[in-house]
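Reader: I would like to go through a protein structure with you, one piece at a time. Could you show it to me, please?

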Amino acid sequence: VVCSGALAYADALKRGDCVRTVAGEETVVSVRWMVKRGVYTAVTHNEFIVVGGAVASPFAHVHTLAHWWYNLHRAATRMLPVRFARVLHSRGVVHVNELIGMGATKMLLAVY
């Protein structure tokens, strides 16, 4: 997250850019590339996560769509009693999430 509050792709950041951190606003002093393979998302009750002290989105290219989907999960765990919230972790719901994730990954790979 840049200082204006907008989301920015990590590969677009450059030396001198302003980013939000847990300590406040800080200037990027260096950039290094790291390539990893895989598709993972941290699902939290908050919209953002902290990675190495920097405020970041746990989603890659389609933040709004993914955030909307996980808001359903966040709302369900807040509104439903614990015994009903367990449904979210049931085999069927987990399978549906995996299918949606695989479909989204294929769409993103086709576009990017």
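Reader: Which residue stands opposite C18 in β2?

Author: C18 stands opposite T27 in β2. Please note that this is a predicted model, in which local features need pLDDT of at least 70, side-chain atom pairs count only at pLDDT 80 or more, and totals for chains, interfaces and linings use all residues. Residues are numbered from 1 along each chain as its sequence is written, and side-chain values use heavy atoms, with hydrogens and water left out.

Reader: How many bridges join β1 to β2, and do they run parallel or antiparallel?

Author: Four bridges join β1 to strand β2, which covers residues 24–27, and the two run antiparallel. Strands count as paired if DSSP finds at least two bridges between them. The two strands form a hairpin, with two residues between them. T21 stands opposite G24 in β2.

Reader: What counts as a strand here?

Author: Strands are DSSP runs of E with at least two residues, helices are runs of H or I with at least four, and both are numbered from the N terminus.

Reader: Back to C18. Which residue forms a disulfide with C18?

Author: C18 forms a disulfide with C3, and their sulfur atoms are 1.7 Å apart. The term is used for a pair of cysteine sulfur atoms within 2.5 Å. In general, a disulfide is a covalent bond between the sulfur atoms of two cysteines. The structure holds one disulfide.

Reader: Which parts does the pair tie together?

Author: C3 lies in the segment before β1 (18–21) and C18 lies in strand β1, so the pair ties together parts that are 15 residues apart in sequence. The torsion about the S-S bond of C3 and C18 is about -75°, so this disulfide is left-handed.

Reader: Is C3 buried or exposed?

Author: C3 is buried, with a relative accessible area of 16%, whereas C18 is partly exposed at 29%. Buried means under 20% relative accessible area, exposed means over 50%, and partly exposed lies in between (1.4 Å probe, protein chains only).

Reader: What does the side chain of T21 reach?

Author: The T21 side chain reaches the backbone nitrogen of A23 at 3.1 Å. It also makes a polar contact with the side chain of E26, again at 3.1 Å. A polar contact is a pair of N or O atoms within 3.5 Å; within protein, one must be able to donate a hydrogen and the other to accept it, and residues adjacent in sequence count only if both atoms are side-chain atoms.

Reader: And which residues does T21 touch?

Author: Leaving aside residues up to four places away in sequence, T21 touches E26, G53, A54 and V55. Contact here means heavy atoms within 4.5 Å.

Reader: New topic: where does V2 lie?

Author: V2 lies in the segment before β1 and is buried, with a relative accessible area of 17%. Not counting residues up to four places away in sequence, V2 touches A8, L13, C18, V19 and R20. V2 and T27 are 25 residues apart in sequence and 9.8 Å apart in space, C-alpha to C-alpha.

Reader: Finally, what pattern does the whole protein follow?

Author: Read along the sequence, the pattern is β-β-β-β-α-α-α, which comes to three helices and four strands. Buried residues make up 16% of the 112 residues.
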